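Please look at the sequence and the model below before reading on. The numbered points take one residue, then its surroundings, then the whole chain.

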Amino acid sequence: MTALVKFRLSDNGHCNKYKFICLTILTYLSGTLCLNMVDLLKNKFKFDEAFNDKEESDLDATLKRYFPEGIDIYWENVGGKMLDAVLLNMRAHGRIAACGLISQYNRDKPEGVHNLMHLIYKRVRMEGFVVTDYFHLYPKFLEFILPHIAEGKIVYVEDIAEGLESGPSALIGLFSGLNVGKQVVLVAQE
């Protein structure tokens, strides 16, 4: 499932110029778990909208429905058909941060991207990055994020498997979409 979510930054947010932001979240779920993930994104994480792209026959029309004014910022980690549809819906001077193309990794022949001209027409900036480029900022990140977690402003989900003997099945579950959230193996209670 790819869930595409939308949220608006307040006028006093750090990124005032950009108001319509898309994130793609890829999971390997189907059926009830997909519905639960959309519900989790909207209700627990408080995103304005979320949808399962596997249930949508026309991604361009879906994005237009959820983002009628277009997309300012897109966090790219899926690629393929989703990226193609997003390019059609980017706003002028938008930005795309690309950190992965998960839908392409296991293909014998990766899908091509057909709407790249929209990068030029709309003057969109697309830049790739890898987390190792930012390791030096990790202490600053912790200084910023830990108080938010302590205050309950950052919401997260853990899927806890108890006992060392449950480790192998928890690992297998990561690759088959059985977990929701961060997978943790609790070895002992202290």
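1. Leaving aside residues up to four places away in sequence, asparagine 89 touches Asp60, Leu63, Lys64, Gly70, Ile71 and Lys122; contact means heavy atoms within 4.5 Å. Asparagine 89 belongs to helix 3. Helices (H or I, at least four residues) and strands (E, at least two) are DSSP runs, numbered from the N terminus.

2. Is asparagine 89 buried or exposed? Asparagine 89 has a relative accessible area of 5%, so it counts as buried (under 20% relative accessible area, 1.4 Å probe, protein chains only; exposed is over 50%, partly exposed in between). Its side chain makes a polar contact of 2.9 Å with the side chain of aspartate 60. A polar contact is a pair of N or O atoms within 3.5 Å, of which one must be able to donate a hydrogen and the other to accept it; residues adjacent in sequence count only if both atoms are side-chain atoms.

3. The largest nonpolar core has 17 residues, and Leu63 and Ile71 are among those that touch the most other members. Such a core is a set of buried Ala, Val, Leu, Ile, Met, Phe, Trp, Tyr and Cys residues joined through side-chain atoms within 4.5 Å. Helix 3 gives the most to this core, five residues.

4. The protein has six helices and seven strands. Of its 190 residues, 35% count as buried.

5. This is a predicted model: local features need pLDDT of at least 70, side-chain atom pairs count only at pLDDT 80 or more, and totals for chains, interfaces and linings use all residues. Residues are numbered from 1 along each chain as its sequence is written, and side-chain values use heavy atoms, with hydrogens and water left out.
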